[in-house]
Structures are given as C-alpha cells and as structure tokens.
Amino acid sequence: MLPEFELLMPRTLPEALEMMDESSTVMPLAGGTNLLVDLRGRLSRPQTLMNIGGLVELRGVHVEDGYADVGSAVTIADLKRNVLIAKHGQALQQAATVFANPLIRNRATIGGNLAYGSPAADAAPPLLVLGAKVELLSKDTKRTVPLKEFITGVRKTVRHPKELITAIRWPIPPEGSVSVFRKLGLRKADAISVLSIAVMLHRKDTGDCDQVRIALGAVAPTPIRVAAAEDFLDGGPLTPEVIAQAAQLASEATQAIGDIRGSAAYRKRVITALVRRLLTNLAKGTKEKKH
Amino acid sequence: MTAKGKALPQPALPLLRQVGRPLRRVDALGKAVGATVYAGDFTMPNMLHAKVFRSSEPSAHIKQLNVNKARALAGVACVLTADDLPDGKLITDMPGQTGQERRKESDAPVLATRGVRFVGEPIALVAAETLAIAERAIELIEIEYDALPGVFDPLEAMKPGAPIIHEPDNIVSSWKIRKGNAEAGLASADLIVENTFRMPFLDHSYIEPEAGVAWMDDQDVINIRVCTQVVEHFRSIAQAVGVPHNKVRVRGTMIGGGFGGKEDITVEIFLALLTKETGRPVRLAYTREESILAHSKRHPFIITHRTGVKNNGRITGAKINMISDSGAYPYLSPYVLLYATVTSCGPYRIENLTVDSVSVATNNPFASAFRGFGGAQAAVAYEQQMDEMAKALAMDPLEFRKINYLKTGDSNAIGQQIKSAVWLEEEATQALAALGKKENISDDAIKMGQGFATTMQSYGRIMWFHDTSRSWVGIEQDGTIVVRCGAPDLGAGQANSLCLIAAEVLGVSLTDVTFYNSDSAVTPLAGTTTATRQLYMSGNATLKAAKMVREVLLDRAAEHFREKPNNLDLAENKVFIKSDPQQWLSLADLSKMCAADGLKLQHLALFAAPFADKLNPENLQGDIFPDFTFSAHAIEVAVDTKTGEITVLKSVGCHDVGRAFNPIAVEGQIQGGSAQGIGYALMEEVQVKDGVIRTPSLSEYLIPTAKDLPTTKAIILESGTGVGPFGAKGIGEPALTPVAPAVANAVANAIGVRIHNLPLTPERVLAALDHTKKG
Amino acid sequence: MKAKVITLNINGRRHQVTLFPNVTLLEALRSLNYTDVKNGCEKGDCGACAVELNGKVINSCLVLAWQADGARILTNAGLGTMESPHSLQEAFADAGAVQCGYCTSGMIIAAKALLDENPNPSETEIREAISGNLCRCTGYAQIISAIKMAAKKMMQQKAQE
C-alpha cells in the first residue's frame with residue numbers, strides 16, 4: 001500500500017504554480033511510474049503530491065523559432081508516435097520506442113524521466129546529444145537550464161522545490177544531422193539499462209562528419225556527455241582508427257560502477273564496443289542489425 | 001547434426017473420440033472473461049487483514065522482541081509470536097505420505113523462536129481491521145538481534161568450523177550411486193573429460209502471489225481458501241495449529257501458477273492461527289516482494305562430471321559429484337537431491353558409475369521444489385558434459401549420444417529397467433531437422449550457434465512413497481457428468497484432463513462434464529499437483545471410476561436392448577448397438593432407468609502407483625519411479641561477441657508424451673517450459689549476497705517477456721507406452737528439463753567456448769571469449 | 001489525509017466512491033469487485049492489473065484513483081461475458097492462450113488496445129504490444145496466435161458490417 005499523503009489536483013498551470021508557491025513540500029506527480037513505486041517502497045515520503053499529468057499546458061509538442069519544444073507532461077508513448085520528434089529528435093524517438101514497456105510508456109512523461117534524476121533515465125542521453133534545455137517555472141520565476149547541468153547526481157537535480165519542469169527544448173539539428181540511441185538491458189523489453197548510448201553527428205556534403213556528440217547513461221552518477229571523445233572527433237574524418245580511439249576515450253571518461261546488472265569493467269568495455277559500432281554505422285549511414 | 005533415425009514402430013493406439021482433439025479447455029473461457037475467482041479475490045464479511053513480520057537478519061539470536069506497541073494500536077485484533085503458539089513446526093516432508101524419515105529438528109518453525117536463520121524468516125503475525133493498520137502495526141514491532149556468524153556458500157558450510165545451521169552438521173541430505181566399477185571404467189578410457197557446472201537460485205515468479213482467506217465455521221472447522229498445489233497440507237496445518245485433522249479444511253482455488261513454489265505451505269498456517277485466535281475471517285495476500293522473500297527457490301547446484309570415453313565414443317565410466325544449497329531449512333531438499341542423483345548421468349548407458357551428492361544448509365533463502373525438481377539441474381550438467389565430450393572426440397554431438405543412448409528395455413543409472421518407449425534418437429533427429437540450417441548473418445560481430453539436449457524426467461512419485469489418488473465420477477439423471485477429485489489445478493489443465501477422461505469413457509462431450517476439485521474435505525483426496533503426477537495418478541483414478549459407471553450403464557442398456565454389454569458403446573450422449581447404431585437410447589433415459597432400479601451411478605475409485613521398497617542407501621540400485629518421459633530440445637542463438645548479448649532465434653521441443661490428451665495443451669506445456677528454460681539459461685538468477693536477496697522484485701528478477709522468445713515449435717510424438725491413462729506420459733516438468741542445456745550448448749557452439757555457470761549473462765559471454773583469446 | 005468523492009466510470013457503470021488520495025486505481029477497482037483486474041506486483045513490472053484508461057492501456061497499480069476521476073475505465077470483464085465473450089476472449093480460450101489465467105485479463109486488455117490502433121498487427125508488433133505483460137505459463141506463443149485469430153475475426157466482422 002501507499003503511505004498517506006495529500007493530493008493536490010490543479011486544473012491549470014497557474015493554479016499548479018500557485019499551489020507550489022504556497023508550500024515548499026509539494027512533489028509533482030506526472031506519470032507516477034517512478035514516484036508511486038518509490039512511495040510504495042517507502043524510499044520517498046513526500047507529504048503532498050500534486051497531479052500535473054492532466055495539465056494541457058504541459059502536453060504540447062511544437063517546433064518554433066528553430067527549436068523543438070516538448071511539454072514536460074508529454075508521455076513517452078506520445079514521443080514515440082510524434083512525427084516532429086521522429087524528424088527532429090531521432091535518438092529520442094528511438095529511446096521512446098525501447099523505453100520500459102507499452103503500459104509504462106502510456107503514463108511515463110519526458111519531464112518525469114528527467115526530474116527523477118536517475119543515471120539510467122533513457123530519455124536523457126538522446127536529449128543530451130540534442131543539446132536540450134529544461135524549462136523551469138515557479139509562480140514568479142522562469143529559467144532555462146541546460147540538461148547537462150540539470151541532473152547533478154543520483155536522484156538529484158537543480159530543480160527548486162517550488163519549481164515545475166514545464167518544457168524540454170532543443171535546437172533543431174541542422175540538415176544532415178543524424179542521431180541514434182542504443183540501450184543494453186538484460187532482456188529485450190522492460191529492462192533497466194545496463195548502459196545506454198546516444199550519438200549524434202552531422203554529415204557534411206564532403207562525406208566527412210562534424211558536430212559529433214556522444215552521451216551515455218547508467219555509467220556515472222548522472223547521464224553524461226563525453227567531451228573528450230567528442231573533441232577528439234571534431235571536424236576530422238571518421239576513419240576506423242579515429243572511431244576506435246574515440247570509443248576508447250568515451251569509455252575512459254566514465255565512472256561506471258558495478259551493480260546487480262553488470263560490473264564496472266563490463267560496462268566500460270561495452271561502451272567502447274557500442275560507441276564504436278554506433279559511430280561507424282552513423283558515419284556509413286548503415287543500421288545495426290537486429291536479431 | 002542430422003542423421004536419419006530408424007523408423008518408429010507405429011503404435012496402434014485405440015481410437016478415441018475426445019482425447020487427442022484440440023478442444024477448448026473446460027476452465028478456459030471463465031479465465032478469459034475474467035470470471036474465475038482466485039484466492040486473492042475472496043472477501044468475507046467482518047474480515048481481518050493480516051501481515052507477517054519477517055527477519056531482516058540472515059543469522060541472529062532474537063535478543064528482544066516487543067510487540068506491545070503493535071498490540072496497542074487501535075484496530076489491531078491480534079499479534080502472534082512464537083510464544084503464543086503450540087510448538088508448531090512447518091512440516092516439510094512429502095505431504096500426503098506418512099512414515100517417512102526426516103530430520104524433524106531442522107524443520108522450519110512456524111514462527112521463529114529464539115533465533116533466525118535467513119532473511120525473511122517469519123517472526124510475528126498481525127491481524128487488523130484494515131491492511132493499512134496491519135502494515136502500521138508491523139512497523140511498530142520492535143526487535144533487537146544479536147548477529148551470529150552466517151554461512152552463505154555450501155562449500156564453506158561443509159568446512160570444519162563453519163557455523164552450524166542445524167545440529168549436528170550442515171549436511172541436510174546425501175545420496176550415493178554405486179554401479180559397476182567407476183575407477184576401472186575411467187581407467188579403461190581413452191579420454192577423460194572433467195567439467196564443473198554451476199546453477200543459481202531461481203524464483204518461480206508465478207504471476208499470482210500467494211494469497212488466502214480463512215474462517216471458522218459453525219463446526220469449529222478452520223476453512224482456508226488458498227492457492228495451493230497441495231490440499232493435503234490440511235493435516236500439517238492442523239498439527240501446527242493444534243487442532244484435530246478433521247478441523248481443518250483446505251479449499252483450493254484455481255491457481256495463478258505454481259511450478260513447485262506453491263507445493264510447500266505458504267500462507268495457510270498463518271491464516272489458520274489468526275482465524276483461530278480471533279474467531280474472525282482473515283485474509284493474507286503477499287506482495288510480490290514478500291512472495292520472493294517468503295517462498296522457496298530452485299536449488300543452486302554445483303555439479304562435477306568426470307567421464308571416461310573410448311575413442312569410438314562409448315562411455316566407459318563416470319564419477320559425478322553434486323552439491324546443492326538447501327538454504328536455511330531443508331524443506332524438500334533431500335528429495336530434490338535424490339531426483340538429481342537418479343538422473344545425474346542422463347538417459348545414457350553408463351555401466352560403471354559413482355555418484356555422490358550432498359545438500360548443504362546455509363543462511364541463504366530456503367530452496368525446495370521447482371519444475372524439474374533436481375532433474376532439471378542434473379540435465380544442465382550432463383547435457384553440457386555430453387557436448388564437451390563430443391567436442392573432445394571431434395564427434396558430432398548427436399552421433400556421440402546415439403552410441404550411448406538408453407534404449408527401451410535398458411536399465412538406467414540405478415538399474416531400473418525402462419519399459420516404456422525411449423525415443424531419444426528420433427526426438428533429437430526431429431528437433432534438429434525442424435531447427436533447419438543456421439541462419440546466415442553477415443556481421444562479423446555476430447556468431448550463430450545451434451545446440452540441443454536430450455533428457456529424461458520422471459513423472460509420478462518416488463515409488464517408496466506408496467502414492468495413491470482417488471476420484472469420483474457420477475452421472476446425473478439428465479445424462480450430464482460430474483467429476484469430483486481433490487487434484488488442485490495449477491493452470492496446466494489438470495481438471496480439464498480429468499473431465500476429458502470422463503467424457504471419453506461415458507460418451508458425452510466435454511461441455512457435459514462439470515468438475516469439483518481441490519477441496520480437502522469434500523473432494524476425494526488425489527494427492528499433490530506436483531511431480532507431473534496428476535494426469536498419471538488422478539487420470540487413472542478417474543478412468544477407473546468412469547469405467548465403473550460405464551459398466552453399470554452398459555449392463556442396464558444390455559438388458560434393455562437384449563444385447564451383450566460388449567456389443568454396446570457410448571457416444572454423443574447415447575448408448576447404441578455397435579453393429580446397428582440406429583438402435584440407441586439417450587444417456588438421460590438410460591440414467592433414469594438405472595436410477596429407477598436403484599443402481600449405483602456414482603463411483604469412487606482409488607488408483608495406487610506401483611509400490612516399491614526404499615532403495616539401498618549404499619548404492620541406490622533398484623526401481624524408483626513409475627516411468628520417465630524422454631525429450632529433446634534444439635535451439636539456435638545469435639551471440640553478439642562485442643556486447644555479449646544472446647538472442648534465441650529458434651526453439652524446437654520434441655517429446656514423446658505417450659498420448660497427447662489435448663494437442664493445444666501439450667504444445668502449451670512445451671512452449672511454457674521452453675520459456676522458463678530459456679529464462680534459466682539466459683537471465684534468471686535470484687542474486688543473494690550475505691543472505692540478502694538483491695533481486696527483490698520483478699524489476700530486478702527478470703523473466704522472459706514476449707520479446708525475449710521465439711515461438712517454440714512443439715513436435716509431439718505418441719508412443720502410447722506411458723503408464724498414464726490411454727498410454728499417456730507426463731509433460732509438465734519434462735517440457736522444461738532439456739531447454740536450458742540446449743541453450744547453453746547452442747551458445748557454446750556459437751562462440752566456441754563453454755560458459756560453465758548459468759545464467760549466460762552478456763558479461764559472462766565476454767569473459768568466456770577473453771578466455772579463448774588468452775588460451 | 002482527506003478523502004473525497006470521485007466518480008469512476010467502469011465498464012460503462014458509474015460508481016461514486018469516497019476515497020483517500022493514496023488509493024491506487026487497482027485497489028479501487030478490486031474493492032468495487034472488479035477482481036478480473038489482478039494484483040501481480042504493484043509496481044508496473046507485470047501488467048496483470050492492466051486496464052484501459054480513456055482508451056489507453058495502463059497499469060492500474062501506477063495510477064491513483066483520483067487521477068482516474070471521471071475517466072473511462074475498461075477492464076477485461078467489461079469486454080464480454082461467458083454468454084457473450086469478446087472475440088479476443090474467445091480466441092484466448094480456443095488457442096490455448098489461457099493456462100493459469102492470472103495474466104489473461106491484463107493481456108487481453110493490452111491486446112485490445114493494440115487491435116484498436118492496429119487491426120492487423122504483425123507478430124513483431126504483437127510481441128511489442130504485450131511486452132509489458134508477463135506470462136509465466138505459456139511462453140506467449142499461443143497468446144500471439146490468439147491475438148492473430150481474434151484480429152482476423154474482428155476484421156471479417158468489420159468487413160461484413
């Protein structure tokens with residue numbers, strides 16, 4: 001059973017922000033796929049929850065001013081089938097496709113996935129390579145934080161207790177950009193990631209690639225971008241040797257730990273293998289074979 | 001790996017009208033529309049809600065236990081600790097049988113008394129007006145432990161000086177086989193192959209967690225509605241609670257899966273104690289986490305094979321050593337170990353054999369029955385060993401096995417002659433043929449592999465248990481049929497099979513049969529739904545009872561038609577003259593005639609399995625099981641050598657089931673067994689560290705989803721030689737047994753190296769590949 | 001903790017119930033005797049409690065009853081009865097997709113949601129759609145055949161309409 005709590009049911013965003021302003025102990029509840037599980041396990045005991053899953057203001061997906069803008073309460077299932085996401089956030093759409101399972105995807109939200117601050121959040125690596133920012137609103141303030149800076153540790157974010165994540169946005173990648181997401185779990189559906197990887201790059205007309213971005217999940221206290229590997233690849237031709245070295249750098253940049261799903265050494269090693277594979281495929285425009 | 005098998009003898013099976021047809025199971029539609037009521041769905045007026053307080057320590061003295069605050073909480077009806085109980089033990093011997101030996105002192109107490117031996121051991125019970133209050137009361141229970149040294153590894157537990165879980169030592173059970181001269185056999189070999197295989201704890205993970213409701217009726221009978229594989233536990237429950245046997249009635253419900261995990265007592269005694277204490281109905285339903293904590297596990301085994309073989313492929317002798325971790329209490333560990341021991345060398349002729357097996361107590365979660373019951377663990381080892389020997393001899397794995405396969409009429413490891421058909425070669429050949437050629441993948445990182453396993457698994461109980469079953473069949477005056485039989489229905493179609501037998505014998509359609517089952521007081525006791533025994537045992541009892549009814553009907557009809565009973569038959573709700581089917585009488589009319597004459601239209605029959613004496617413990621030579629099912633399973637995998645990920649691409653099971661009662665249901669058993677076997681091979685492991693389960697829910701303990709499995713092709717052979725009704729053998733457990741080793745063999749075939757430990761995680765795959773590179 | 005009156009519209013029947021905020025939709029449904037909705041894990045791992053909420057299949061253990069106030073809820077028992085089963089229910093019974101039956105109601109709801117969106121799904125799509133519903137008995141193969149059988153029948157019925 002769930003512990004006792006009060007549940008606020010705002011009907012509009014301003015009403016929600018008002019409620020959060022009145023108390024600093026209001027925990028927003030969107031899809032509930034993490035929060036309710038934690039409550040039941042007594043891992044978290046907020047006094048007051050506020051249901052924001054139904055707020056229409058948080059459920060839009062648009063493209064404007066060169067940005068893709070996704071409401072924080074947009075569900076993973078919505079991301080999966082949204083044509084704008086498929087076009088401007090391939091890796092995110094791929095992550096949505098392999099996210100947990102269909103029932104969870106119908107409830108879990110993009111904002112919730114980030115707000116929870118899990119190192120293994122599957123939406124994070126794609127949003128990191130897309131250069132996403134998190135919009136935070138309180139009754140009186142509004143700020144935008146790069147996702148890189150938003151999650152600060154395991155289950156820790158910079159969100160102030162009175163702030164609500166309202167949107168996630170990222171600059172629309174330039175023409176010729178491609179991105180890909182790959183997750184490794186211990187089964188083929190509904191598995192927490194042993195590690196997850198998103199890679200994005202821009203294919204120039206010359207055939208070379210630039211603007212390479214690599215992000216990893218479940219291998220550090222937060223999902224991370226691997227600048228060392230990105231910098232190494234920047235601008236140069238993606239030869240097999242260069243890719244191999246970058247993959248090595250990516251692996252070295254992580255602070256993988258061992259847990260019930262796999263050892264640190266295994267994670268580090270597979271990062272190398274998969275970064276290499278994804279970069280090679282992206283550079284060549286081929287796809288990983290599915291079995 | 002394909003060689004044409006010899007043509008099978010075509011058994012002339014008697015023509016049956018209902019048996020063998022893909023009929024809708026009698027329980028299927030109710031479940032499909034959500035109308036079937038499960039144990040957790042019952043509520044009673046004035047009902048209390050129960051919770052169990054459990055140990056957080058793997059090995060400790062209970063220094064102080066204080067339940068005063070919990071008792072004082074408003075809405076708490078009762079809190080029970082060991083102090084409040086008769087000296088109740090949770091009896092863990094084979095239920096339903098009497099006079100067996102066991103280590104009484106090491107049986108689990110109902111509630112921990114002075115100390116605890118594993119994390120999750122029950123210590124106190126609470127019953128309260130609401131579940132929320134019961135949960136709150138659990139939080140108010142105060143306990144202080146004095147931690148004791150624990151032991152968490154069976155190898156450590158056998159060493160001198162190890163903490164002793166139960167006096168006098170940690171050896172829960174041991175068995176040995178001595179046949180021929182293993183030393184001499186090994187000495188005469190051209191080649192000796194030795195391997196050690198390890199398997200982990202597994203959880204049954206039935207989707208229905210344990211649940212029940214109990215109440216006292218106006219005869220002071222404690223009624224317990226519960227999902228159990230064993231209604232005969234009513235005796236043990238009565239004993240633990242301190243009431244006469246006839247004051248406990250277990251009313252089993254349709255079970256939401258069991259696989260052996262609902263074979264031992266789960267919630268029953270707790271419910272009985274609380275309802276007796278409060279006089280009110282009590283409900284207790286485990287959460288998933290509590291289920292994983294509270295019920296038994298599949299035994300981890302460490303199995304070493306040392307096998308000698310001639311260059312021509314003939315096995316000359318073997319020494320096998322088996323060690324199982326029984327966890328903190330023995331439960332069925334001695335018997336699981338016995339099954340493993342008896343099948344330790346598989347379905348092969350090995351004249352010179354030594355087997356030593358031991359089950360060892362630790363402070364880990366307790367292990368007991370799980371589909372395959374030791375036979376599955378044995379197969380994981382012997383079938384990998386067979387592939388390793390074939391490899392060492394550079395022989396085809398099937399050709400090598402063919403040289404050593406048992407044949408019909410041969411004797412197995414314990415000298416028991418196999419009288420039923422042994423179609424191993426044909427099964428393996430057919431399974432491999434159905435698997436076909438390896439798929440071609442043009443990717444250097446991906447390695448493809450195929451493998452198979454052939455196994456033997458008993459059905460029916462150990463014969464020295466003197467197993468019996470009873471069933472009652474009656475015809476109503478409108479010609480409809482009632483079957484009453486105590487057999488619990490696990491979801492595998494146990495009740496349906498009994499109905500099918502009655503329908504077949506009495507010439508009605510399946511929908512004309514109604515069944516009542518799984519009630520320890522009002523349905524004839526049929527024994528446990530375990531050991532793949534219900535079709536064999538209760539099927540034969542039902543067949544016998546139905547034939548008795550048939551005889552009465554035919555005799556009366558014979559009088560009516562002035563014909564001999566032999567010239568009459570029953571079909572389509574009629575009795576008719578075989579040579580002139582136009583002359584018929586409805587069963588309804590015949591039944592009324594019989595009733596008017598005062599004839600007996602309801603019969604209770606008892607079926608007794610062949611009895612045997614206990615085997616000589618010095619060599620275990622003799623007859624032990626009524627029969628075995630022989631099986632093959634073939635698997636194709638793709639292994640990603642860069643990430644270690646394994647994908648099962650093809651799966652084929654081929655089993656001689658003797659007689660397929662319902663081909664859809666048999667296929668379902670084979671496919672379900674495959675799923676569990678693939679889970680066993682690839683992902684399932686209850687990870688335990690220092691006695692603490694690190695995979696406490698279905699988020700961490702992973703079982704296969706629909707995306708992890710191919711469709712298993714089921715090839716059903718029917719030799720008609722089983723000891724079940726109409727020549728049926730058992731398929732429940734045999735469906736699982738060959739699967740995990742087949743997967744392991746396919747993976748070894750793909751990557752060229754053997755991984756000796758299950759599960760075959762991606763990490764282990766990479767480690768094994770490293771090993772080859774270094775080697 | 002304050003309770004309030006909410007309306008649950010379940011299988012076409014309206015229930016006005018007074019509930020505390022910490023009651024899950026699963027608990028609410030079962031306490032109203034919709035016991036076809038099963039409790040298997042209470043954390044979204046197994047799918048036994050799956051129902052449709054405003055046309056989307058969800059785990060009812062991960063929704064608070066208040067969040068379902070006024071919403072349309074459909075459980076397996078709302079699809080059909082013994083006398084008049086839904087095509088999916090009939091196909092499940094005939095194809096061997098039902099063994100112990102404990103996952104069945106959630107599985108059928110997941111299948112129904114799939115067929116609503118995609119009346120003629122491929123095997124891969126079916127496997128994906130039921131990948132949040134665990135079954136421990138069948139190995140899923142006969143569940144997949146049942147969904148295919150039902151899809152075929154439902155398409156034929158639709159064509160005749």
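Predicted model: local features only at pLDDT ≥ 70, side-chain atom pairs only at ≥ 80, totals over all residues.
**Entry 1: where chain A meets chain C**

I began with the contact between two chains, and I found that 30 residues of chain A and 31 residues of chain C take part in it. Next I looked up the area: chain A and chain C bury about 2500 Å² between them, and carbon and sulfur atoms account for 57% of that. Which three residues supply more of the area that chain A buries against chain C than any other three? I found R40(A), L103(A) and R107(A), which together give 24% of it.

**Entry 2: salt bridges and polar contacts between A and C**

How many salt bridges cross the interface of chain A and chain C? I counted three. I picked a pair to look at by eye: R40(A) and E42(C) form a salt bridge, with their closest N and O atoms 3.5 Å apart.

Then I asked which elements build the side of chain A that touches chain C. Two or more residues each come from β1 (6-8), α2 (35-40), β3 (48-51) and α6 (102-105) of chain A. The largest share is that of α6(A), with four residues. Sorting this side of chain A by class, I got 15 nonpolar, seven polar and eight charged residues.

**Entry 3: inside chain A**

Now I turned to the domains of chain A. The assignment gives domain 1 (6-50), domain 2 (59-171) and domain 3 (177-284). I looked at domains 2 and 3 of chain A, whose C-alpha centres lie 20 Å apart. In their contact, 24 residues of domain 2 of chain A face 27 residues of domain 3 of chain A. These two domains bury about 1800 Å² between them, with 62% given by carbon and sulfur atoms.

How many salt bridges does the rule find across the interface of domain 2 of chain A and domain 3 of chain A? There is one. I located a salt bridge between K183(A) and D122(A), where the closest N and O atoms are 2.7 Å apart. I also wrote down 10 residue pairs in polar contact between domain 2 of chain A and domain 3 of chain A, both at pLDDT 80 or more.

On the domain 2 side of this contact in chain A, α5 (90-97), α8 (124-129) and β8 (151-153) supply at least two residues each. I marked α8(A) as the one that gives the most, with five residues. By class, this side of domain 2 of chain A has 14 nonpolar, eight polar and two charged residues.

**Entry 4: inside chain C**

Chain C is divided into domain 1 (4-75) and domain 2 (87-160). I read off 22 Å between their centres, taken over C-alpha atoms. The contact involves 14 residues from domain 1 of chain C and 11 from domain 2 of chain C. About 980 Å² is buried between these two domains, 59% of it on carbon and sulfur atoms.

I found one salt bridge between domain 1 of chain C and domain 2 of chain C. I also looked up K112(C) and E52(C), whose side chains meet in a salt bridge at 3.2 Å, N to O. Six residue pairs are in polar contact between the two domains of chain C, both at pLDDT 80 or more. Which strand gives the largest share of the side of domain 1 of chain C that touches domain 2 of chain C? I noted strand β3 (residues 50-53) of chain C, with three residues.

Terms used. Residues numbered from 1 in each chain as written. Chains lettered and ligands numbered in written order. Heavy atoms only, no water. Domains from an automatic or database assignment. Contact = heavy atoms within 4.5 Å. Buried area = accessible area lost by both parts, 1.4 Å probe. Salt bridge = Lys/Arg side-chain N within 4 Å of Asp/Glu carboxyl O. Polar contact = N/O pair within 3.5 Å; in protein donor to acceptor, adjacent residues only side chain to side chain. Nonpolar A, V, L, I, M, F, W, Y, C, P; charged D, E, K, R; others polar.
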